Amino acid sequence: MRLVQAVIAWGGHATLPPRDYDQIALQLTGHAWAVVAEVRRCCTPLPPHAEPRVLAEVVLEETDRRLAAQPRLGTVRCAQMHARQVRARYERLSRLQAAQPAATPP
């Protein structure tokens, strides 16, 4: 998350070589896919029509489209778009975790 925060906070001036921005975007994309997997795992125990699950599934469809389609362009803006995707997935994950049914004691 430190990388996400740092990238989002960058100004508009490119100070790194384009390949570095590509590498950062690639790392953020991998991180976003990991969070997506966790969101999917958290959806499983929820009833099929539960609002948190339905919203998460919509977000997951959008994420699949965006992450698959977003090219790495070697720019600050591109890296920031990937960072925002990671942040948004963590926000959805937090909401899903809050909606999880409480574990019953044995």
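Helices (H or I, at least four residues) and strands (E, at least two) are DSSP runs, numbered from the N terminus. The legends below describe a predicted model, in which local features need pLDDT of at least 70 and side-chain atom pairs count only at pLDDT 80 or more, while totals for chains, interfaces and linings use all residues. Residues are numbered from 1 along each chain as its sequence is written, and side-chain values use heavy atoms, with hydrogens and water left out.

**View 1. Overall fold of the chain.** Read along the sequence, the pattern is α-α-α-α, with four helices and zero strands. Of the 106 residues in the chain, 33% are buried (under 20% relative accessible area; exposed is over 50% and partly exposed lies in between; 1.4 Å probe, protein chains only). The chain exposes about 6700 Å², of which carbon and sulfur atoms supply 57%; accessible areas come from the Shrake-Rupley method with a 1.4 Å probe, and for residues only the protein chains shown count as cover. Among contacts (heavy atoms within 4.5 Å) between residues at least 6 apart in sequence, 73% join residues at least 24 apart.

**View 2. Helix 2 and its buried residues.** Helix 2 comprises residues 18-43, 26 residues in number, and reaches 37 Å from its first C-alpha to its last, close to the 38 Å expected at 1.5 Å a residue. The expected span is 1.5 Å times one less than the number of residues in the helix. The buried residues of helix 2 include Y21, I24, A25, L28 and T29, and also A32, V35, V36 and V39. An α-helix has 3.6 residues a turn, so residues three or four places apart point the same way. The buried residues of helix 2 pack against helix 1 (2-9), helix 3 and helix 4 (76-99).

**View 3. The cysteines C42 and C43.** The structure holds zero disulfides, a disulfide being a pair of cysteine sulfur atoms within 2.5 Å. The sulfur of C42 has its closest cysteine sulfur in C43, at 7.4 Å, too far for a bond. C42 is buried, with a relative accessible area of 4%. C43 also counts as buried, because its relative accessibility is 4%.

**View 4. Surroundings of T63.** T63 lies in helix 3 (residues 51-69) and counts as buried because its relative accessibility is 0%. Not counting residues up to four places away in sequence, T63 touches V36, A68, Q85 and R89. The side chains of T63 and R89 make a polar contact (2.9 Å). Such a contact is a pair of N or O atoms within 3.5 Å; within protein, one must be able to donate a hydrogen and the other to accept it, and residues adjacent in sequence count only if both atoms are side-chain atoms.
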